[in-house]
Amino acid sequence: MSLILRAQVAAAAHDIVPSWPVASFIAVNPLAGHEPRPFETAAGPGVALTRSRDAYLAAADRGRIVDADLEAALAERVPDLSGQLTIGGTNVTAVSVAVLDMKSAQWKPAPAAEPPASWLDEYLATWVSSYLNPDPLWAMPHQQLGFFHAWRTLARRDPSLPRSVRRTVAGLPLEPDAALAWALVRLGVAAEAVTETLRAELQHLPGWVGHIKWRAEKIGDIDLTSYLGVRFTLMAAFGLTPLPPSGGPTRADEAAPTLWDRGEHVARSIGGSRVGREDIASVTRVLATHPVADHPLTWQKAYELHYRSTLVQAVTGTQRTDSRAHLQLVMCIDPRSEGMRRHVEIVPDVETFGFAGFFGVPVRFTRYGARGTVNSLPALLTARHHLTEHPTDSARAQAQVARGRARDALRRSTHRADSGTTTPFALAEVSGWLYGAISILRTLAPTLQARLHRSLTPSAAILESTVTIVDAFTLEERAAMAETAVRMMGIVRFAPLVVLAGHGSESMNNLYQSALDCGACGGNPGAANARASAAIFNDPDVRAVLETRGIRIPSDSVFLAAEHNTVTDAITLLDRHLIPPSHVDAAGTFERIQRTAAELLVRERARDLPGASPRSPARVRARAHDWAEVYPELGLAGNAAMIIGPRQMTRGVDLDRRVFLHSYQTELDPGGAALETIMTAPLVVAQWINHQYYFSALNPATLGAGTKTIHNAIGTIGVLAGHTGDLRRGLPWQSVGLGDRLFHEPMRLTVLIQAPLDTIGRIVSRNQVLRNLLDNDWITLTARNDHAAAWHQYTPYGWTVAPIALEGS
Amino acid sequence: MYDWLVVSGVTLTPWIAGFCSAIAGRVGMSGDRAARVAASVVGAGFVVTVAVAIAATAGARQPARVEFGSTYLHLDALALLMSMLVLGLSALIQIFAIRYLRGDLRQVWFVSAANLLTGFTVSMACAGSVALFAVAWIGAGAALVLLLATYRPLTQAREGIRRTGSRFVIADTAFLVPVVILLVVAGGDIPLDQLGAVTEALPAPLQLAGAVLLVAAALARSSQIPFQGWLPFTLAAPTPVSALMHAGVVNAGAILLIRFAPAIAPHQSVMIGVFLAGAVTLVYASAVRLVRPDVKGRLVFSTMAQMGFMIMACGLGAFAAAIFHLVAHSLFKSTLFLGAGMGVRQHAVDRDLPARRPHSPLALAVAVSLSVLVSLAALAAAKWMFSPTVSTASVGLLVFVALTAAVALGTALSTDFSSRTLLTGAASIVMLAFGYVALLQVFTVALEPATPLDAAPAWLLAVPAAGLIAVQLLSRNPRQLAHLRDAVYTRSVTTALPRPPVRPRTPVRPRPSVTTGVPS
C-alpha cells in the first residue's frame with residue numbers, strides 16, 4: 001500500500017461532493033468543492049451559473065427586475081461606477097449608462113451540454129454498477145475481494161476485451177494502488193503531474209465518482225483508489241492518453257460586441273445623432289469597468305436583490321405579545337411549512353414555530369419487531385442513539401407480527417418465483433391477469449386502489465406504541481436536547497397544547513420520494529423524531545431538570561407529536577392513545593383548525609401545481625396514490641430565502657412557501673450559542689437545498705437528474721437515464737420545471753436574521769464554512785438588531801446599510 | 001353493413017386518435033388535451049372491440065370480414081383477442097401517459113406515434129391476407145422506430161433508433177422476399193387461409209427458403225437471437241413506450257408465425273430452428289437478467305427471455321399456449337414497466353416487515369415436499385377436469401407451471417412456517433392452478449390451428465430446461481466450475497457494451513519492480 005499515492009488520490013478527490021443514495025436523498029451543493037472560492041469561478045464545462053440573457057430581459061419586461069435593482073447590483077459588483085457624464089448635451093449617471101449597456105449588450109450563457117460518454121466511461125459504469133448492485137440476483141463472483149481485485153479476476157475472462165488487454169490484466173498487481181502506480185508510469189505521467197491527472201480523470205462519470213466517495217466514507221466496500229486503479233490500468237492497456245473532459249469554453253464571447261460598439265450603441269441611445277467620438281470614448285471608459293463577461297452575474301444579482309427588497313419590505317416589526325397562546329404548533333423550517341403555519345395562524349390564539357424537522361432528536365429508528373432501521377437525523381450528524389417502539393398491547397403486537405410474516409412470505413415467494421431462471425414464465429402466465437387488473441385500478445382509480453391496498457395490508461404505523469426514549473438517551477441527554485430546542489426556537493411561554501409536527505411526503509412510483517421528505521431527518525419522514533421529542537418534553541424528569549435551568553414548562557402543557565403530509569396537507573396526530581383526557585378537547589380543536597387550514601392550503605398549492613386546479617382539491621390529494629403522477633407535489637421548489645427570528649416578523653405575511661423559517665428569540669440566547677448552532681447547521685442545510693435546486697434548474701442535463709420519464713433505478717442507490725451510463729445527480733426536471741419553463745426561480749439563498757449584529761459577526765468570523773459562503777457570494781446575509789432597527793447587509797468589510805429599492809412590483 | 005361497422009369500429013379508432021393528435025400538434029393545441037382526446041378515442045375502440053367479442057362468442061355467426069378484392073380484414077378469434085389486448089393496453093398506457101408526460105415537449109409526438117403503432121398493430125392482427133399483413137407488419141416496425149425517436153436529442157435514443165432500425169430493415173427485407181414471390185405466383189393478394197395451397201405449388205427448396213426468411217422477421221421483431229441487440233437500447237424512450245411495446249409489438253413474432261403457419265409449419269427443420277432460436281435466447285437473456293443491476297434492464301432482458309419462451313412454444317406447435325403466454329405476459333410486464341419507480345417505496349415498506357426466523361431442517365423438508373405435492377396434485381386434478389386430452393408439448397409446458405408453484409409455495413413456507421401460510425398458500429395454488437388450466441383450455445379451443453403441423457418434438461424442451469438450471473446453479477456462485485462461472489458472468493455483464501477502442505498491438509506487461517511504491 002502506497003501512502004503517497006493514496007494521499008494524491010485523496011487530494012485529487014478533495015473537491016468531489018459525496019452523493020447520497022436516492023433512497024435517503026440529501027440535497028447537496030453539487031459545486032460545494034468550489035465554495036472556498038468566489039461563486040463566479042465555479043463555472044466549468046457544462047456548468048451554467050446563470051440563466052440566459054433572454055430570461056433576464058423577459059424578467060425585466062414584466063417588472064421582475066427594475067432599473068433600481070440593476071443599479072443596486074452594479075453598485076455592489078462594480079463599486080468604482082460613480083459620477084456623472086454628459087453625452088450629447090444630456091447629463092447621465094455612470095450607473096445608468098452601465099444599465100443601458102446591460103440591456104443591449106449580447107452574450108450567450110455557457111452551453112450546458114452533456115459531455116459525450118466514451119467507451120471507457122460506459123465500461124466502468126457497467127462494472128461499478130454491477131459491483132455495487134444492491135439487490136443482486138447473481139452477486140458478482142469474488143466480490144469479497146474488493147472492486148479492483150474482483151474486476152481484475154473477472155476481466156481476464158472478458159471476451160469483449162482484446163486478448164492483449166486480457167493478458168495485461170492478468171499480469172496486474174493485486175493491490176489497486178500498485179496497479180495505479182504501474183499504470184501512471186506506463187502512461188508516462190510525471191510525478192508532479194499525478195494529482196492533476198487523477199483529478200482530471202475524476203471529472204468523468206461524476207455521478208458514480210460522487211457515490212463512490214460517499215460509499216467509501218459510509219460503507220467502505222469500494223473507494224476511489226480501486227476505481228482509479230481500474231480506470232488507469234485500462235487506459236494503459238489500451239494506450240489511451242489521459243485527457244481533460246471535453247467541453248466548450250465556459251463563456252462563449254465570440255458573439256460579444258467590442259467595447260467601442262457597446263459604447264457607441266449606448267451613447268447613441270442617450271444622445272441620438274448629436275453624439276461625438278469623445279462622448280463615445282467617455283461612455284466606453286465607464287463600460288470598461290463592467291465587461292460583458294460580468295453581465296450574467298450582475299443580472300442574476302439584480303434578480304435576487306429585487307426579491308430581497310420585496311421580502312424585506314414585507315417583513316414587519318411588531319413586538320411580541322405576552323398573552324399565553326392556546327395552541328402552539330412547531331413545524332420544520334421547510335418552506336412548505338410556511339403555508340401551513342400561515343393558514344393555521346388565521347386563528348388568533350395560535351402560535352407557530354419553525355425548527356429543524358428532527359426536533360433536535362437524532363436517532364436511528366426501528367419499528368416494533370422490524371428488520372430494518374432508518375437513520376432519521378441530519379446528514380451532518382452520525383447516528384448514536386437507537387430508538388424503537390414498545391407496543392402497549394402485546395397480543396395485538398403479536399398479531400401484527402404474524403400478519404407481517406405472512407406478508408413477507410407472499411412477497412418473498414413471488415420475488416423468488418420472479419427472480420429464478422425457470423420460474424418467471426409460468427409466473428407471468430398465472431399472475432399476469434392479476435397484474436393487468438391492478439394496472440387498470442391504479443391508472444383509473446388511484447384512490448380506490450390505495451384504499452383497497454390499505455385494507456389488505458394495514459401499515460405498521462397503526463400499532464399503538466410508545467417510543468423508547470428512556471433506553472435511547474440518558475436523562476442528561478434528554479434534558480440537554482430539550483433545553484437546546486427551547487433556546488433555539490425561542491418558546492417563552494408554553495401553551496396548554498404544543499403540537500410538534502414533523503413532515504413526510506406520500507407519493508407512489510416516485511424514485512425521488514425521499515427528496516420530498518424531511519431533509520433534517522436524512523430524507524425520511526419525521527414522525528419518529530416528533531414522537532421522541534414529544535415524549536421527552538412530556539417526561540416529568542426532564543421537566544424537573546429544565547426547571548433548574550430556568551425553563552419552566554407548566555404542568556398543564558402537553559406535547560403531542562404529529563406528521564404533516566406535504567402532498568395532502570393533512571396533519572395527523574400520532575400516538576393518540578397518549579393524549580390525556582384533559583387535552584382531548586384541545587386536540588380536537590387542533591384537528592378542526594388544521595382541517596380548515598389544509599383545505600385552504602391545498603387550494604393555494606393547486607394554483608402552482610402543474611395540471612391541478614383549485615376547484616378540485618381532492619385530485620391534488622389523490623396525487624399521493626397516483627402511480628402515473630410525476631408531479632406529486634412541488635417540494636421545495638421556489639425556495640429563495642431563510643429568515644431567522646421571531647415569527648412576529650412574518651406573521652400574517654404571505655411568503656408563498658418560499659422561505660425557510662427558523663424561530664429565534666435573542667432574549668433566550670444571551671451568549672449566542674443557539675444562534676451559532678442555527679447558523680452552522682440549519683442554515684447550511686438550507687443552503688445545500690437551495691443550491692441543489694439552483695443548479696438542478698440551471699443545468700438539468702449535467703447537475704440535475706433530467707426527466708423522470710426515462711429514469712432507470714439501480715435498486716435504492718440512484719438512477720440512470722436510459723440503459724447505461726453515469727449515475728444521475730441532483731433533482732429531476734419535474735422538481736424544477738414543466739416543459740421548457742422553470743417554475744423554480746433559481747436564486748441564491750437570501751438570509752435574514754434578527755439578532756445583534758455583533759453576535760452574528762462574531763459567529764461568522766469564527767466559522768470558516770460561513771465565511772466561505774458569505775465572502776464568496778454563495779449566499780447573502782442581511783440582518784437587523786431588533787424589530788425597530790434598520791437592515792444591514794453583511795460584506796467582507798463589515799456591515800453596510802442594505803439598499804432596499806422602493807419601486808417596482 | 002354490419003361487418004363494415006364492426007371491422008371499422010375495431011380497427012379505425014387508433015388511426016382517428018393519431019390523426020387528431022397530429023393535427024392538434026400542428027395547430028398548437030396543448031399536448032394535454034391532445035393526449036386526452038386520443039386516449040378517449042382508443043378507449044372507445046376498446047369498448048367496441050369487447051362488445052364485438054362478446055357478440056361473436058354469443059352468436060354463432062361467421063367472423064366479421066371486410067373485403068377489397070382478395071385483400072381483406074377479418075375478425076376471427078385471434079384477431080379479436082389481439083385487438084382487445086392491443087387497444088386495451090394502448091388506451092390504458094395512454095391514460096397513464098396523460099399524467100406521466102404532462103408538460104413534456106414531446107407529448108404530442110408520443111401520442112401520435114403511439115397511435116400509429118397501435119393502428120398498424122391492430123391492422124396486422126385483423127389482416128386476413130398476405131399483402132395487408134405485410135404492409136401492417138412493416139408499418140408497425142416503422143412506427144416503433146418513430147416512437148423510439150420521442151427523445152431523439154439524447155445520444156442513447158439515437159443509438160436505440162439505429163440499432164432497432166437496422167435490424168428491422170434487414171429482417172423485414174428478408175420477409176418481403178417470400179411475400180413478393182408468393183404474391184407474384186398467385187397474381188394478387190392471397191387470403192391467409194389459402195396460403196398453404198399457394199405455397200405448396202412452389203418448388204420444395206423455395207418453400208424452405210421462404211419459411212426461413214419469414215421466421216427471420218418474426219425473430220427480429222421479438223428480439224430473438226441473432227437479432228437480439230436492439231431491445232435493451234430502447235430504454236432511452238419514456239417508460240410508457242417500453243410498456244406499449246408489450247401491446248403486440250415485441251410479441252408480434254408469435255402472430256406472424258401463427259398467421260403464416262401454413263407456409264412455415266410444414267417444415268420440421270424450420271420449426272426446430274424456431275424452437276432453438278427461442279430456447280437459446282431464453283437461456284441467454286435469463287443469464288443477462290440475473291446480472292443486471294438496473295430495474296428496467298432486468299425487465300428488458302426478462303421480456304427477451306419471455307419472448308424466447310413464447311417463440312419456443314410456437315416452435316412446438318403449441319400456438320394456443322403461445323398466445324396465452326403472450327396475453328398474460330404483456331399484462332404482467334407492462335404493469336411492471338409502468339411501476340418501475342416503485343423500488344424505493346417498496347424498500348421502505350419491506351424495512352418494516354418483521355425479521356425472518358431461521359427454520360429447522362425438518363420444517364424445510366416438510367415445506368418442500370408439501371409444496372411439490374400440492375402443486376402437482378392441483379395441476380393434475382385441474383388438467384383432468386378441464387382438458388383430459390394430453391399432448392406431450394402441453395405436459396412439457398405444464399411442468400414449468402408445477403415447478404413455479406412448488407417454488408412459490410416452498411419459499412412462502414420456508415419464510416413463515418405457519419398454518420396460516422400453509423392454508424392460504426395451498427388454497428391459492430389450487431385456485432390458480434384450476435383457473436390457469438381452465439383459461440388455457442378456453443384459449444386452446446378458440447385458437448387451435450386447422451393447418452397440419454410438423455412441429456419440433458417436445459423432448460427438445462430438455463435443452464432450454466438444462467440451460468436454465470445450469471444458469472441458476474452458476475448464479476449461486478458455486479466453488480466448482482469457477483472458470484465457467486466467471487466467464488458466463490463476465491460475458492453477461494459486458495453483453496450490452498459497445499466495442500472497445502482500437503486494439504493495442506502487443507500486451508503491455510506490468511513490470512514487477514513497480515508493484516509497490518509511487519511512480520518516479
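In which sense do strand 5 and strand 7 of chain A pair, and over how many bridges? They pair in the parallel sense, over two bridges. Keep in mind that this is a predicted model.

- For a specific pair to click on, take A:Arg364, whose bridge partner in strand 7 of chain A is A:His386.

**The six-stranded sheet in chain A**
- Chain A also has an open sheet of six strands, again with mixed pairing, in the order 14-13-19-20-21-22.
- Strand 14 (659-662) and strand 22 (798-801) of chain A are the edge strands here, each pairing on one side only.
- Going from one strand to the next, the twist averages 25 degrees.
- At the strand 14 end, four bridges hold the parallel pairing of strand 13 (residues 641-644) with strand 14 of chain A.
- Within that pairing, A:Ala641 sits opposite A:Val659 of strand 14.
- This sheet has a helix across it too: helix 28 of chain A (residues 757-766) lies over strand 19 (750-754), strand 20 (780-784), strand 21 (792-795) and strand 22.
- Relative to strand 20 of chain A, helix 28 runs at about 150 degrees.

**Where chain B meets chain A**
- On the chain B side 119 residues are in contact, and they touch 130 residues of chain A.
- Together the two chains bury about 11100 Å², with 64% of that on carbon and sulfur atoms.
- How many salt bridges link chain B and chain A? The count is six.
- Here's one to look up: B:Asp350 forms a salt bridge with A:Arg411, with 2.6 Å between the closest N and O atoms.
- Polar contacts across the interface of chain B and chain A come to 50 residue pairs, with both residues at pLDDT 80 or more.
- Helix 15 of chain B (residues 319-338) supplies the largest share of the chain B side, with eleven residues.
- By residue class, the side of chain B that touches chain A splits into 68 nonpolar, 28 polar and 23 charged.

**A hairpin in chain B**
- Strand 1 (residues 65-68) and strand 2 (residues 71-74) of chain B run antiparallel and are joined by four bridges.
- These two strands make a hairpin with two residues between them.
- In the turn, B:Gly69 has a positive phi of about 65 degrees.
- Along the strands, B:Val66 is found opposite B:Leu73 of strand 2 of chain B.

- B:Ile225 and B:Pro226 are joined by a cis peptide bond, with omega at about 10 degrees.
- B:Pro226 falls in the loop between helix 9 (204-221) and helix 10 (239-244) of chain B.
- Over in chain A, A:His142 has a positive phi of about 65 degrees despite not being a glycine.
- You'll find A:His142 in the loop between helix 5 (119-132) and helix 6 (147-155) of chain A.

Key
Residues numbered from 1 in each chain as written. Chains lettered and ligands numbered in written order. Predicted model: local features only at pLDDT ≥ 70, side-chain atom pairs only at ≥ 80, totals over all residues. Heavy atoms only, no water. Pairing = 2+ DSSP bridges. Contact = heavy atoms within 4.5 Å. Buried area = accessible area lost by both parts, 1.4 Å probe. Salt bridge = Lys/Arg side-chain N within 4 Å of Asp/Glu carboxyl O. Polar contact = N/O pair within 3.5 Å; in protein donor to acceptor, adjacent residues only side chain to side chain. Nonpolar A, V, L, I, M, F, W, Y, C, P; charged D, E, K, R; others polar. Axes fitted to C-alpha atoms, helices over the stretch in contact; angles between N-to-C directions.
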